[in-house]
Amino acid sequence: MTRKGSGPVILAIDSAGLACSAVVAVGDTILSAERVETRHSQAEALMPMVDAAMRKAGLPPAALDLVAATVGPGSFTGIRVGLAAARGIALATDAQLVGVSSFEAVAAGLAQPDCGDVQFLLIALESRREDLYAQLFAIPWNPVGPPASMMPAALGEAVNAAIGSARLLIAGDAAQRAALVLSNCADTIIVEDSAPDAVGVLRAGLHRWRSGTVDAPRPLYLRPPDVTLPSSRRASPLSRA
């Protein structure tokens, strides 16, 4: 049951990226957090981590009001494992289920740095291949356009087309790689250690819950598995047509 005046009891999990993590919170107050770096074996790591986080929080599963999970993009296996676990937990506890993208999780998880007149945030995520997953936001986290899978060579052109010479904040676990191709075409600031994790999932999930935009989670795949994208140029994939 939601605790009056403090917000819902929420379990947030992320297994779509280069790590597995779980957070238990009451509203914005984090009670416990678990994280392990793993590129594989999410299925083996996730549920013991959730169990440890619940025990450290001192709460039974029946106390959960909300379960939040990343829908991707990221590891195909990790996305499936995370969503299956979230659905099972929500069904067993009668909790509400909310899905957030890895981009939302990074944006929500960022501390608000003093970046002066920076108006845009580019989130770049690793695909574990040559391409990058990218989405552009107007700060704090209003999407400028849909997420895209892009070759690095096309990223600078797309960013210039979307924001011109405006200053840019870059976050995500591929921020350094994105910054390399943007170094000559944008005034950029890199946010260190800004990979997706369950703390960002928690904040993004709460934002959706509070704004009444809780949708049934569906996997966000930006390309089929085991396919390398062609390096042909694309027209402004980071902004709306």
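Let's start with Arg128. In this predicted model, Arg128 sits in the loop between strand E6, residues 120-126, and strand E7, residues 132-138. Its phi is near 70°, a positive value in a residue other than glycine. Most residues other than glycine have a negative phi. So keep an eye on that backbone.

Asp94 is placed in the loop between H2 and strand E5, residues 96-100. Its relative accessible area is 73%, so Asp94 is exposed.

Where is Ser75 found? It is in the loop between strand E4, residues 66-70, and helix H2, residues 76-93. Ser75 counts as buried, at 10% relative accessibility. A polar atom of the Ser75 side chain lies 2.9 Å from the backbone nitrogen of Gly78. Now look at Ser75 and Ser127. In sequence they are 52 residues apart. In space, C-alpha to C-alpha, they are 7.6 Å apart.

The peptide bond joining Gly72 and Pro73 is cis, with omega about 5°. For background, most peptide bonds are trans.

Another serine now, Ser194. Look in the loop between strand E11, residues 188-190, and H6. Relative accessible area is 7%, so Ser194 is buried. Which backbone oxygen does its side chain reach? That of Val191, at 2.9 Å. What does Ser194 contact beyond its neighbours within four places in sequence? The list is Val106, Leu110, Ala171, Gly172 and Asp173.

On to helix packing. Two packed helices are described by the angle between their axes and the distance between the axes. We have two pairs to look at.

Pair one is H3, residues 102-109, with H6, residues 198-211. Their axes come within 7 Å and cross at roughly 100°. H3 and H6 are therefore roughly perpendicular, since 65 to 115 degrees counts as such. Who meets whom? From H3 we have Glu104, Ala105, Ala108 and Gly109. From H6 we have Gly200, Val201, Arg203, Ala204 and Arg208. By class, that contact has 4 nonpolar, 2 polar and 3 charged residues.

Pair two is H4, residues 152-163, with H5, residues 175-182. Here the axes come within 8 Å, and the crossing angle is roughly 70°. H4 and H5 are therefore roughly perpendicular to each other. H4 passes H5 in a right-handed crossing. On the H4 side, the contact residues are Pro152, Leu155, Gly156 and Val159. On the H5 side, they are Arg177, Ala178, Val181 and Leu182. The class count for this contact is 6 nonpolar, 1 polar and 1 charged.

Definitions and conventions. Residues are numbered from 1 along each chain as its sequence is written. This is a predicted model: local features need pLDDT of at least 70, side-chain atom pairs count only at pLDDT 80 or more; totals for chains, interfaces and linings use all residues. Side-chain values use heavy atoms; hydrogens and water are left out. Axes are lines fitted to C-alpha atoms, for helices over the stretch in contact, and angles run from 0 to 180 degrees between N-to-C directions. Helices (H or I, at least four residues) and strands (E, at least two) are DSSP runs, numbered from the N terminus. Angles under 35 degrees count as roughly parallel, over 145 as roughly antiparallel, 65 to 115 as roughly perpendicular and the rest as oblique. A crossing is left-handed if the near helix is turned anticlockwise from the far one by less than a right angle, and right-handed if clockwise. Contact means heavy atoms within 4.5 Å. Ala, Val, Leu, Ile, Met, Phe, Trp, Tyr, Cys and Pro count as nonpolar, Asp, Glu, Lys and Arg as charged, and the others, Gly among them, as polar. Buried means under 20% relative accessible area, exposed over 50%, partly exposed in between (1.4 Å probe, protein chains only). A polar contact is a pair of N or O atoms within 3.5 Å; within protein, one must be able to donate a hydrogen and the other to accept it, and residues adjacent in sequence count only if both atoms are side-chain atoms.
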